[in-house]
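Reader: Could we go through this structure together? I would like to begin with a helix and then move to other regions.

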Amino acid sequence: MYDLVIIGAGTAGLSAAIYAMRAGLSTLVLEGAMYGGQIIVSPTVENYPGIASVSGAQFAQSLYEQAEALGAQFAFETAISVENHPTHKTVHTDASQYDAKAVILATGAKNRPLGLEGEQRLTGRGISYCATCDGSFFKGKDVAVQGGGNTALEDAEVLAGICKSVTLIHRRDEFRGEQHQVERLRKLPNLQFRLHSTITALQGDNALQAVVIKDLQTGQEEPLAVDGLFVAIGQIPQNEAFRGLVELDERGYVVAGEDCRTSTPGVFAAGDGRTKTVRQLVTAASDGATAALAAAEYIRSV
């Protein structure tokens, strides 16, 4: 019987493990893939307070080593379900099962990809899913944004203040995002709209050089030379296995406030997989600390 099982070893999960161990909780971290989460594909991280510049991989490695040095245990198995018992939780994985007094869901969310050939290879080499994270690397350069929601509009506005030019590509003639923000974008001299359009191909070997844009009304395709492409077509939370254990919103995110408490006592949610406004490294780390301390308080109270 562990005090705490943490599902997911991204920034939120590893931060939770650090704080849980410092709180004296016996802790097991489950991870079905590689520890570190989405950040490991970022070549440079420059927006984490106190660290001027670090690779995403090194950042993740440092978190992992710190948690391990404190005594956190790791099992590289995929959690497939959690049973809620009156006295404990049972976490079932693809290889075993573990009992714990409390559980933290730190499963994160995956950026929804375009699904184009070469996308994975060019991620971090011109393709990004976070303008706030990577926009500064394209200062004075030509970039494109694919998407039509608030995130795409916000990304386009951020990038317009940094880049030489921004092309906002959207498959419809109206945006899902807020209209007042669209009107603000229309006034920016270095931003152009490509509506009724989508990206059908990526060009570049070691780095992105152009995207091929298809006009959905005429069927015509043409390349657009860009140094960067920011994909903002949504995220996919990794919470489906826990539907029924905790409340999920209509998009699949775990309903939990800033205290990281879910609808089920003893189950907490941290990081990009919970309902929240800002999804950044620093907020993931904050969630991890908050969830771990909340779990410690819960365990002491039962």
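Predicted model: local features only at pLDDT ≥ 70, side-chain atom pairs only at ≥ 80, totals over all residues.

Reader: How many residues does α2 have, and how far does it reach?

Author: α2 has 14 residues, and the distance from its first C-alpha to its last is 20 Å, close to the 20 Å expected at 1.5 Å a residue.

Reader: Which residues of α2 are buried?

Author: They are Gly-56, Phe-59, Ala-60, Leu-63, Tyr-64 and Ala-67. These residues lie on the same side of α2, because they cover an arc of only 130 degrees around the axis.

Reader: What covers them?

Author: The cover includes α1 (11–22), β3 (73–75) and α7 (281–301).

Reader: And what follows α2?

Author: Gly-71 follows α2, and its phi is positive, near 110 degrees.

Reader: Turning to Gln-146, is it buried or exposed?

Author: Gln-146, in strand β9 (residues 142–146), is buried, because its relative accessible area is 5%, under the 20% cut-off.

Reader: Which residues does Gln-146 touch?

Author: Leaving aside residues up to four places away in sequence, its contacts include Leu-114, Ile-169, His-170, Phe-230 and Ile-233.

Reader: Now the surface: which residues form the nonpolar patch?

Author: Met-34, Ile-40 and Val-41 form that patch, and together they have about 250 Å² of accessible area.

Reader: Where is Met-34 found?

Author: Met-34 sits in the loop between β2 (27–30) and α2 (56–69). Met-34 is partly exposed, with a relative accessible area of 46%.

Methods. Residues numbered from 1 in each chain as written. Heavy atoms only, no water. Patch = residues over 30% accessible without salt bridge, like charges linked within 9 Å, V, L, I, M, F, W, Y side chains within 5 Å. Areas by Shrake-Rupley, 256 points an atom, 1.4 Å probe, with all protein chains shown as cover. Salt bridge = Lys/Arg side-chain N within 4 Å of Asp/Glu carboxyl O. Helix = DSSP H or I, 4+ residues; strand = E, 2+ residues; numbered from the N terminus. Buried < 20%, exposed > 50% of the residue type's maximum accessible area, 1.4 Å probe, protein only. Expected span 1.5 Å × (residues − 1). Arc of directions from axis to C-beta. Contact = heavy atoms within 4.5 Å.
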